[in-house]
Structures are given as structure tokens and as C-alpha cells.
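Reader: I would like to understand the terms used for this model before I rely on them. Could you take me through them, one at a time?

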Amino acid sequence: MDYIRVERNAKIKKGISGTLKFIILGLWALIVLFPFYWMILTSLKGYGAYNSEYIPKLYVASPTLENYREAFNAVPLARYFLNTAIFTVITTAIMLVVITLAAFAFARLEFKGKNFVFVIFLSLMMIPTELVVITNFVTITNWNMRNSFPGLILPSITSVFYIYLLKENFEQVPDTLYYAAKVDGTSDFKYLLKVLIPISKPTLITVTILKVIECWNSYVWPRLITDDQAYFLVSNGIQEIRENGFGRENIPAMMAAVVVISAPLIVIFLVFRKQIMAGVLRGGTKG
Amino acid sequence: MEVVLDHLTKIFPSRDKKNPADVIAVNDFDFTIPDGKLIGLLGPSGCGKSTTLNLICGLLKPTKGRILFGEDDVTELPPEDRGVGLVFQNYALYPHLTVRQNILFPLQNIRGEGRPTKEEMNAKAEEAARLVQIDMLMDRKPKELSGGQQQRVAIARALVKRPKVLLLDEPLSNLDARLRLQTREEIKRIQTETGITTIFVTHDQEEAMSISDLIVVMKDGILQQIGRPQEVYDEPVNMFVAKFLGTPQINMFDGRVSGGFLYIGDTPVLKSDAPEGDVHVGIRPEGFILADGPEDDEEVAAGVEPFECDLKAVEVSGRDVSIVSTNPACQGTNIRAIMGSDRNLNVSGEKVSFYLKPHKVYLFDKTTEDRVK
Amino acid sequence: MKNKLIELKSWLYLLPAVIFLGIFMVYPLIDVFVYSFEEGYNFASQSYFGTGFYNYSYVLHDPYFLQAVKNTFIIVIITVPLSTLIALFISVLLSSITKLRSLFQTVYFLPYVTNTLAVGLVFMILFKKTAYTDGMINLLINAFGGSSVDFIDGPYWAKMTVMCIYTIWVVMPFKILILTSALSSVNPDYYSAARVDGTRPWRIFYKITLPMISPMIFYLVITGFIGAFKAYSDEVALFGVDLNAAGMNTIVGYVYDMLYGDSGGYPSFASAAAIILFIIVLTITVINLMISNSDD
């Protein structure tokens, strides 16, 4: 008798705590998602409709795409977009080449001073960007590269951490593969190209995605180095819209712009979420 | 292709700061590997056999000496220009390529005039795959294959360029016992079929003995003995070779030659014309004859007495019988004698006595450990 | 000769990285110290009239800088412990469920990949009180009987509140990710053993889980400190580029403003401020490390 009651009590307790867990987790999910919901919702509301709602409605009665048209027409959103895409693609591409070569040298080649150089590289990982950005700003200004793509791209290329990550990955490839390739008559460069890179594809993809995210969201450097709207990236564009765009009060149009700017990364995230989370985890735990 | 090692020496500078002595991995090797044979490089781990292999294939450069393939001095050539095929212990297959792409890989590295057309490459790859009997697995990835199959792919990849010399580094050590037996016969077959001079490295003496035309025994970078397996087994030049070859291991005793007899303890066990003095005595397990009674063996020379030991156990394996015993003069813990099981053995009690077969008993110098007789 | 060639080739592989790092990291690192001691550096003529600690003294007496330091410290002190605690709480809950777990994980990570400037704009609108509407959050506060506050252009404490809320919202994905992974790497045998012994759940958490994941928590606290000290773009997102006017500037913001912006063109002051920030961060990190080492 007693036994049954104990069991039933335990079950009820478990049921309650289980439900409570889901309520709390759901609540946090709501807090995370609400801003996204809000921006999409607002972007679909008409300008008049939005401004007449003293108490904002959580649904939209007559959705309109007018704001998106407005977002692309009133501010050079397409331009910002294109700039960001160019910046992201070129920066990531050059970075991949640079870090792959460097990681290969560290992981596979033998030369004097290798360890010394590597230690210097590692110690550079601890340097905060805030310290170097000042001189870089002066350098780029002196090179007359303000408001230009090279000025945006050049200082953003190298990442010591990714060199480190890739070097670790290259080193996991067994030495015998290298010797086998040597006996087969493969040059170092061809070995890198035909064996190491294909084998390390997962890491390279992770690095690429992380760099793309970084580039797409970069704000500080572009803000310093560009004041010509023709070279604004999306982050600067958003800030510009916030300060001056749409006569400041056309919030639905602003939200439409925000949706457009956020969408590409969210799509990339949903497609590659496993790699992204694993990559961030690896980057984070190794720090 | 004949391979000549001409006073080959490889010294690795010491990396250990506490022990700055250089490591001499290969010490003045000087011998010729005849054309078209299967050669086993044999020795305990760290004896320099893999270094020798790497010197022959060109992954390492010798400190001194030369390597010749036939008439050609290849000492300064990089591996890819030597025309060697190399199979690694862990196979070193490219994990991202299929079997076919793996086999094609060396061909695709050929540049200039010698480069075969696509069709020729495919034909060669198919041929190599057929030779090692993996032609039905061509489109798989290495990780979808068993260990034995991966090994075959590695051999096919090494063979596809028709190398002058095929090198195998511990080719069987990653396989389980049954596969090992099968694969070593396979290697023998492939070698016979292609006629390519093949050198393989192993620490397993049985493996080396069973398939090699010649075995090369090494220790601490120094060549000990070269010869046909049976020859080396029957006539070891020193105590190391005698101990290294043969399972069960040879039995070692402290002995003494005196007055034309070899004594173990106080027993004159054999007639001997070796120089007088203390010796190491090695007796192969099959070198013992059970002394059931004094009258039954005519071979026993006059003056020789049965060698008496304390019986510990009799192990029956079906094919033969091992008699395990002890004797104070024995250098190991036990003496192991192997008898054919065809005779009805009558062993019991506390003692067992043997006569010895003279050609299974080797005497070694007490200090140099070289063979005396 | 041949070895020389191979060495040369190896350096060739390294060359691009060395050039980029040399120009944009190593040289600037040295240069920033040089700037910080050059008094009265003029951007246009690139000349200065003396060396010394004047730049530091100027920065340390600048009320804007002091305000920025105060703001930064408040953000650090509030958001680092709070976000770590909330993340721990949520991660523990997340690890205890199986259903919907990966969905929650995905949702929680979403803010990591979004543009903080963009979402900051949404937060601003949610919190802002305008002539047309009190804003979503104020309506919520009204519903619970409170009165509306302008969180964006209103009193300091209100602005700081939004700032902290937004900062926590932004840093949570990383912390939850790290902590859930740390929790899942605890060997489940420990839990089974504890349960067999009849250990109560909170005790299991306190005595087993927490010690096991404490290195990760500690790691999050350190990186949290470093990250929070460098707060800047979240502030811009909420309060606009003129952070000094809003009274919400941070140290990093001050550096950038000195470099370029309304007060712009003083790399010497910017350098001095950046080095002060670096020293603060370094000190805090070292203290953190000392605390963690004394625990062992």
C-alpha cells in the first residue's frame, strides 16, 4: 500500500518538476526569440498602422511588403549588402590561403627558428585588437586607403587563432601519409593541395564559417575606416539608418532593413548549425 | 634490380640533452641484395632496420656510404626519382580518396614525357588491383575496407609504378594472426609473380623465415648475418642470432671445453674439438634425445654421458611434446626440449636425461659471444 | 645548398602570415606604446613636441574617460556574474531533458550569429518611450502596476539596466554552449552512483556537477571579464554613436572616439587609454588566475 503511494508521489513530483523545467526553458527561448519575432512582425506592419498602435499588437492584421521596398529605396541597403558580401568573400578567401600556408609550414616543414616563430605567433593571440587598431588606423590613413576595400580588408585578414587551429588539425594527419606521398613523387605543395586540404576539409569549413560570421558582423574597424556611404558595410549601414535614415521615425522600414541584414547569417546558421556550434565550442574551449 | 649498400652509415644527432651521444642507427652496412629476391630485414625493435629501409627508399639521407640500384648510384636522388614502392605499417592510404584514386595517385605525379595517358593510368591501376585481388573494391574508401584489404591496396599503390624495388615496413604487424599467415603467402606470391626485388622489415623471425629468400639479421645498427633462412638458423654466427631465431628459443648453458669433451656442469655431454676453456652453449629444443636406456643409440660417442636434468613438466601439443626441465648450468629458467610425438615417451619421476645431437649444439666465445664451433 | 633551398621554401609558406601579422599586429603593438608617450602628437604633421606621461595624465583627468571607466565597471560587475549564473541554470535544465533539447540548443545559440547592431536596434525600440507609444517593455511594466520609464533617453539607472539586459542577452549563447558541453562531458556513472547512494538532486549538483565543470565556469568568468571590459558595439546599438552625450560611453568607446569621431584625431590619447584598458584587463585576469590557483 505504502509502496504504491510512494511511487505515485514520486511520479507526480517528477511530472511537476518536468513541466517546470520546460516552462523555464520555454521562457528563455521566448526571450531569445521575441526580438526576432518583433522585428519581422514590425517590418510587415504598415507605417500608418504601426504609428497608430499605442499598444503594439502582437500580430499583424494586414501584412505589407511595402517596408522592404522602402528599405531598399530610401537607403542604399543593396549597396551595403554588396559591400559586405565583397568584404566578407575577399577577406575570408585571402585569410584561408594565408593561414593554410602558415599552418602547413608549422605543422609539416622543418626549418630553423620554427619553434621560436610559433611561440611568437601564439603570444600574439593574447593581444587585444583595441591595442593595435590605433596604429592600423593611422597606417591605413597614411596609405590613403580610407574608404576603400583594401583598407577594409587588409588588417582583417590574419587570425593567429585559426592558424593554430589548422596547424593542430594538420598535425593529426599521420606522418606516414607524407612519406607515402614523398615516395610517390609528390611535392610539398602538391601534398598540401591534394592530401592535407581534402583531409582537413571539416576544419577549413568551420574556420570559413566563423570568419564569415565575424566579417559580416564587423563594425568597429569599418566604422573607423569608412565615412563614405559607398563603402559602408551592413553594420555601419544599420547605424546610419538608426541615426539618419527614414526620417528616424519610420520604424517598420528600419525593421525591414534589420530583417534583411540578419537573414543571411541566420540562414547560414540553420544550415550549418552543427559545424558552427562545434567550431565555436572548439575555438572557445581552446581559447 | 640488384641493390648494393656500400658502407652505409646513418647517425642521428642526439636530441636528448642529458645524453648527448649520437645515435648510430645504421653502422657501416656493406652488402648486396641480389636481383629478384624477397629479403627479410630482421631484428628487435630499435635495431635500425626501419632506418635502413628509409635510407634505401630515400626518405633519409645516409651520413656515409652509398646506395646503388644496379649500376646507378641513387644515394643523392630524392625518393620519387629512385623508382621504389613503399608500403607502410599503417598502410598510409589517403582517407579521402577511393581505392582507385589511391592507386592512381603515384601515376598522376609523373610529369613530362613519362606521363601515361588517362587510359594507360586506368589500365595500370586495374592491373595492379587485379594482382593483389582487390579489383572489385575499386570505388570504396579505405575506411570501408578490412585491414587485410587496406594492406592489399597499399601494395597495389606501391606496385603501380612498376618500381625497381618494393619496400615493406612491418607489413603484417597490424593484422590479426590468421590474416597474417594468409597475407604473408600473398606477399610471396606477388613477389614471385612480379619478380621485383622486395625488401621487408619485420621483428617477427617466424614471418621472416617463412617467406624470405634471404634474411638479414641486425642488432644495434650492426649487421649480424645474411643468408638463406635455414642456413642462418642452422649456422648462426653468434649468440644473438642463435637466440633471436627459432621458437621456442634456443636453450643456453654455461659450459666448458676440456680434454676433447664439452662439459655442462660436470657431465661430458659431447665430444668437441673446440679450443679449451669456458663457453656459452646453445642447444636447440629439437637437439635433445631422450636417454631411455644406455644401449639404444649408436650415435652416442664413447665417453659421453647422459645430461641429467630435473623434470618440471611435460607439455603435449599433439604434433610434438615439450619436456620442460631445469639444470643449474642453464642460463634461462627452464630447459625446453621438443620430441616428436610419434614415439611413445616414457617420462616420469623427478629426473630426465638427454643425449644431444651434435649439429644442434653451438658453442660461443664467453666474451665476444661469437660462434666458436 | 639544398637544405638552404628547403629552408627558404618553408619561409615562403610563412611569408604572407608574417607580413600581415608584422604590419598589422606586431608593429602596431610597439607603436601604440610610442604614441602613448608622445606628447601633443599632431595627426596632420605627424610631429610631437615631447615625451612623457602627459597623455596618461590627460586621459585620467578627462571626465568622459572617468565616466567610461565607471560605466565599464558597472557593466562588468553586473553582467559577468549574472550571465554566468543564468547560463548555468539554463544549461543544467537543458542537460536534464532529452525531448526538444536540440531545438532549444539551436534557439539559444541564435543570438551568437546575429548582428548585434541590428538586434540592438530592436531592443532599443522595445525599450524606448516615444510620443506614439511607451514601448513594449513599459507596457509590460504598466501591466504589473509600475510606471513607464524612458530606458533609452531617460535616467542613468534605466539606461544602465537596458545595457546590462542587452549585454547578457548577447553573451548568453556562448556561455550556454560551453556549459552544456561541459555538463554532457561529465561521466554519467557519477550520477548513477550518487543516485544509488540516495543523494538528493541539489546535493548531486553541488557536490558532483559543480566541481566537475568548475574549470569551464572559471574559463567563462575570465573570458566574460575580458569581453565585458571591451564592451562597445552593444552600447552603440542601443544609444547611438555619440555615447559621451548619452553618458553611456565605455573605455573602448572612449579609445575610438579619441581616434576618430566627434572629439577625434588624438591617437596619443587613444593609445594611452587603450594601454590603461589593457593594464586593467591584465590585472583582473591575473587576479582571477591567482584565485583559481589558490583553490586547488
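This is a predicted model: local features need pLDDT of at least 70, side-chain atom pairs count only at pLDDT 80 or more; totals for chains, interfaces and linings use all residues.

Reader: What makes residues of chain B and chain A part of the contact?

Author: Two residues are in contact if their C-beta atoms, placed from the backbone, lie within 7 Å. The contact takes in 16 residues of chain B and 13 residues of chain A.

Reader: Which domains does the assignment give for chain B?

Author: Domain bounds come from an automatic or database domain assignment, and for chain B that assignment gives domain 1 (3–244) and domain 2 (251–365). Taken over C-alpha atoms, the centres of these two domains of chain B are separated by 40 Å, and their contact takes 4 residues from domain 1 of chain B and 4 residues from domain 2 of chain B.

Reader: Why are β17 and β18 of chain B said to pair?

Author: Two strands pair if DSSP finds at least two bridges between them; 6 bridges join β17 (residues 320–326) of chain B to β18(B), so the two strands pair, and they run antiparallel. In β18(B), B:R336 is the bridge partner of B:V324.

Reader: What makes β15 and β18 of chain B edge strands?

Author: Each of them pairs on one side only, in an open antiparallel sheet of 5 strands with the order β15-β19-β16-β17-β18 (chain B). Strands here are DSSP runs (E, at least two residues), numbered from the N terminus.

Terms used: Residues are numbered from 1 along each chain as its sequence is written. Chains are lettered from A and ligands numbered from 1 in the order in which they are written. Helices (H or I, at least four residues) and strands (E, at least two) are DSSP runs, numbered from the N terminus.
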